[in-house]
Amino acid sequence: MPEIAWDATLYDKQHHFVSDYGADVLQWLAPKANEHILDVGCGTGQLAAQIAESGAIVLGTDASADMVANAKATYPTLSFEVVDGTKLPYQENFDAIFSNATFHWIEDQNALAEGLFKSLKPGGRLVAEFGGKGNVKSITDAITAAAEQLGLSNQVITNFWFFPSISAYTTLLETKGFEVEQAWLFDRPTKLLGEEGMYVWINQFAQHAFKNLNNEQAESIKNLAVEILKPNYYINGEWVADYKRLRIKANKPKA
Ligand code: BEZ
């Protein structure tokens with residue numbers, strides 16, 4: 001996973017749409033009372049809390065200690081742990097695994113998929129949504145174009161997210177033993193809050209792009225990228241990011 005400094009407070013204030021949209025995915029999960037459910041990449045815990053309202057017993061995990069501390073403080077009766085998604089330490093503990101807006105951050109997708117399969121009980125289900133092929137392409141293209149215009153294209157990095165096609169991702173799951181029940185790749189234009197919304201998004205989520213640059217160079221690219229995006233993505237005073245989601249439901253066969 002790229003080294004991102006996650007700021008749980010900013011995330012909740014500025015980017016709470018991540019969990020707001022995630023509520024829709026819960027319909028695919030359809031949690032039931034007393035099921036054991038793992039939420040991989042729980043962030044500040046809102047969706048784990050919604051799952052728990054069904055009476056399910058939820059464990060929320062996240063690689064960020066800041067996120068987990070925030071989740072524990074907000075939902076003291078729920079369980080949260082700092083766990084790296086590529087090192088899930090579970091063995092057939094869960095009836096279901098849920099994940100929203102997390103898998104695209106994970107570099108070792110083989111380790112993740114193997115860990116998910118191992119963590120599920122036979123007959124268990126995985127429901128996940130994350131960035132799919134083409135996700136935020138306008139933003140990465142704008143960062144690339146800005147870096148080119150400023151003569152900095154050799155130092156900027158924009159390929160650190162995992163945004164697979166349906167076929168690439170379902171094939172990966174099948175090689176690990178899953179049976180894919182549903183897969184959906186869809187556009188989900190996403191509003192970013194405030195006049196500075198696009199700058200704030202790039203600053204928070206694309207930090208890794210600028211790790212080989214000094215602060216002045218990074219700021220020049222961010223500001224120019226925002227200018228490049230403005231004509232098409234700042235509409236009636238609101239920023240919109242071109243999100244594309246991949247939503248999947250896959251099952252571990254019954255023993
Ligand atoms: C996403 O949820 O699609 C996403 C969020 C931050 C960076 C990249 C993608």
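Begin by selecting Tyr-234, which stands opposite Trp-239 in strand 9. This is a predicted model, in which local features need pLDDT of at least 70 and side-chain atom pairs count only at pLDDT 80 or more, while totals for chains, interfaces and linings use all residues. Residues are numbered from 1 along each chain as its sequence is written, and side-chain values use heavy atoms, with hydrogens and water left out.

Strands here are DSSP runs of E with at least two residues, numbered from the N terminus; two of them pair if DSSP finds at least two bridges between them.

Now display the whole open sheet: 3 strands in the order 7-9-8, with antiparallel pairing. Strand 7 (190-192) and strand 8 (234-235) are at the edges, each with a single partner strand, so one side of each lacks a neighbour in the sheet.

Among the residues around the ligand are His-104, Trp-105, Trp-161 and Tyr-243. Two further members of this shell are Asn-135 and Arg-245. For polar contacts (N or O atoms within 3.5 Å), show the side chain of Asn-135, where an N or O atom is 2.7 Å from an oxygen atom of the ligand. In Arg-245, a polar side-chain atom lies 2.6 Å from a ligand oxygen atom. The ligand taken alone exposes 260 Å², of which the protein buries 97% (Shrake-Rupley method, 1.4 Å probe).

Key:
Near = heavy atom within 4 Å. Polar contact = N/O pair within 3.5 Å; in protein donor to acceptor, adjacent residues only side chain to side chain. Helix = DSSP H or I, 4+ residues; strand = E, 2+ residues; numbered from the N terminus.
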